[in-house]
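Please look through the sequence and the model before reading on.

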Amino acid sequence: MEGPVDAEIVAAAARRFAKHGVNGTTMADIAEDVGLGVSSLYYYFRNKHAVLERIVVEVNEAPLRIITDVRASFADPAEQLYAFIVRDAIALCEFPFDINEIHRLAGEDPDTFDRYWTDRRRLQTDVQRVIDEGVASQVFRPVDSALMALTVLANDEAVQNWYRPPAVRARPGVNQSLSPEAIGRHLAELTLRGLLRNPENTPGGRLDPAAPGGT
């Protein structure tokens, strides 16, 4: 169970990883930020990747919570998928460090990050289930649902390659005025128009996908 010191270490490490990257952060850096000696830090975490492992659980926990919530909040598969994409994009825009770096590190050490890959497979399966239900109900056109689920997740995550938070947008030379919600709605519209049998019938105009419960 995570205690207050564990949580403080994880928060400090996340800030370091966001600013300097995982490879640019040392255990000594994290210890300094928390106000611990390095030997004391090793009492809580055996190495830097153990700290990272704790953090990356959140990478999948957030979208898993989102997909569970939208499936409970909306009956129609198109509404479920639209709401998932919007909320997932918002969460990714606000995530404190590069998810692509997480994928790379988890791929290099699959044993350490076994929980990450288990949750990742569950997420893909849950998104695929929404697509399968949409195809079965003839709301969506016939597609390879596994490939489509991967495409949805990849498109959402690609936002991190170019989105910049407000503090960065304010710097000279950075022109980025779109909000995370506007980005999410754009991705959702593109995806649903490619899936729906009637592309004009996207659900964005009849619900608020960014609000809990769709209200």
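The text below takes the helices, then the aromatic rings, then a loop.

The model is predicted: local features need pLDDT of at least 70, side-chain atom pairs count only at pLDDT 80 or more, and totals for chains, interfaces and linings use all residues. Residues are numbered from 1 along each chain as its sequence is written, and side-chain values use heavy atoms, with hydrogens and water left out.

Helices here are DSSP runs (H or I, at least four residues), numbered from the N terminus. Helix α6 spans residues 99-108, and its buried residues are I99, E101, I102, H103, L105 and A106. Buried means under 20% relative accessible area, exposed means over 50%, and partly exposed lies in between (1.4 Å probe, protein chains only). The cover over these α6 residues includes α4 (48-73), α5 (77-94), α7 and α8.

Helices α5 and α7 also meet each other. Their axes come within 8 Å and cross at roughly 145°; axes are lines fitted to C-alpha atoms over the stretch in contact, with angles from 0 to 180 degrees between N-to-C directions. The crossing of α5 past α7 is left-handed, that is, the near helix is turned anticlockwise from the far one by less than a right angle. On the α5 side, P77, Q80, L81 and F84 make the contact, and on the α7 side L123, V127, V130, I131, E133 and G134 do. Contact means heavy atoms within 4.5 Å. The residues of this contact divide into 7 nonpolar, 2 polar and 1 charged. Ala, Val, Leu, Ile, Met, Phe, Trp, Tyr, Cys and Pro count as nonpolar, Asp, Glu, Lys and Arg as charged, and the others, Gly among them, as polar.

Rings of Phe, Tyr and Trp (its six-membered ring) pair if their centres lie within 6.5 Å; planes under 30 degrees apart count as stacked, over 60 as edge-to-face and the rest as tilted. By this rule there are 2 aromatic pairs.

| Pair | Centre to centre | Angle between planes | Class |
|---|---|---|---|
| Y43 and Y44 | 5.0 Å | 90° | edge-to-face |
| Y116 and W117 | 4.9 Å | 80° | edge-to-face |

Y43 is exposed at 68% relative accessibility, whereas Y44 is partly exposed at 30%. Y116 is buried, with a relative accessible area of 3%, and W117 is partly exposed at 25%.

Q138 lies in the loop between α7 (114-136) and α8 (145-158). Its phi is near 65°, a positive value in a residue other than glycine. Q138 is exposed, with a relative accessible area of 55%.

Methods:
Helices (H or I, at least four residues) and strands (E, at least two) are DSSP runs, numbered from the N terminus.
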